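Subject: Structure handover

Hello,

Here is the structure for you to look through. My notes on what was found follow below it.

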Amino acid sequence: MTQPKSALMSLRMTPEGKALLALCAEREHRSMASMVEHMVHTYAANQGIGLPAPKPAKNTTKKP
């Protein structure tokens with residue numbers, strides 16, 4: 001199951017860059033937003049970049 005998308009990002013790029021992104025997305029049968037996310041994940045994996053593991057939640061149950 002994929003994660004729900006909740007982070008909004010806006011960016012400006014050249015018309016040529018946008019056209020290239022559209023061509024890449026079309027070739028991969030993706031939306032342009034999905035293509036950007038895929039490119040970021042692929043780049044990060046190739047460069048050995050990863051997010052730190054999330055910290056475990058603190059136990060919030062009350063003891064009797």
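**What was found**

Histidine 29 counts as exposed because its relative accessibility is 75%; buried means under 20% relative accessible area, exposed over 50%, and partly exposed in between, with a 1.4 Å probe and protein chains only. This is a predicted model, where local features need pLDDT of at least 70, side-chain atom pairs count only at pLDDT 80 or more, and totals for chains, interfaces and linings use all residues. Residues are numbered from 1 along each chain as its sequence is written, and side-chain values use heavy atoms, with hydrogens and water left out.

Back to histidine 29. It sits in the loop between α1 and α2.

Next, the chain as a whole. It has 2 helices and 0 strands (DSSP runs numbered from the N terminus: helices are H or I, at least four residues; strands are E, at least two). Its radius of gyration is 18 Å, whereas a compact globule of 64 residues would have one near 11 Å (taken over C-alpha atoms; the globule rule is 2.2 Å times the number of residues to the power 0.38). Along the principal axes, the C-alpha atoms fill a box of roughly 65 × 25 × 25 Å. Of the 64 residues, 8% count as buried.

Now helix α2. It covers residues 32–47, and its 16 residues should span 22 Å at 1.5 Å a residue; the end C-alpha atoms are 22 Å apart, which agrees (the expected span is 1.5 Å times one less than the number of residues). Glycine 48 follows α2, with a positive phi near 70°.

Then the largest pocket. It holds about 730 Å³ of space (a pocket is an open set of points on a 1 Å grid over the protein atoms alone, where a 1.4 Å probe fits, with protein on both sides within 12 Å along at least five of seven lines; lining residues have an atom within 4 Å of a point). The lining has 19 residues, and Ala7, Met9, Ala33, Val36 and Glu37 are the closest to the centre. Helices α1 (15–27) and α2 are the elements that give two or more residues to this lining. The largest share, 7 residues, comes from α2.

Last, serine 10. It lies in the segment before α1. Serine 10 is exposed, at 73% relative accessible area. Serine 10 and leucine 23 are 13 residues apart in sequence, and their C-alpha atoms are 20 Å apart in space.

Best wishes

Definitions and conventions:
Points joined across faces, edges and corners; volume = space filled by probe spheres on them.
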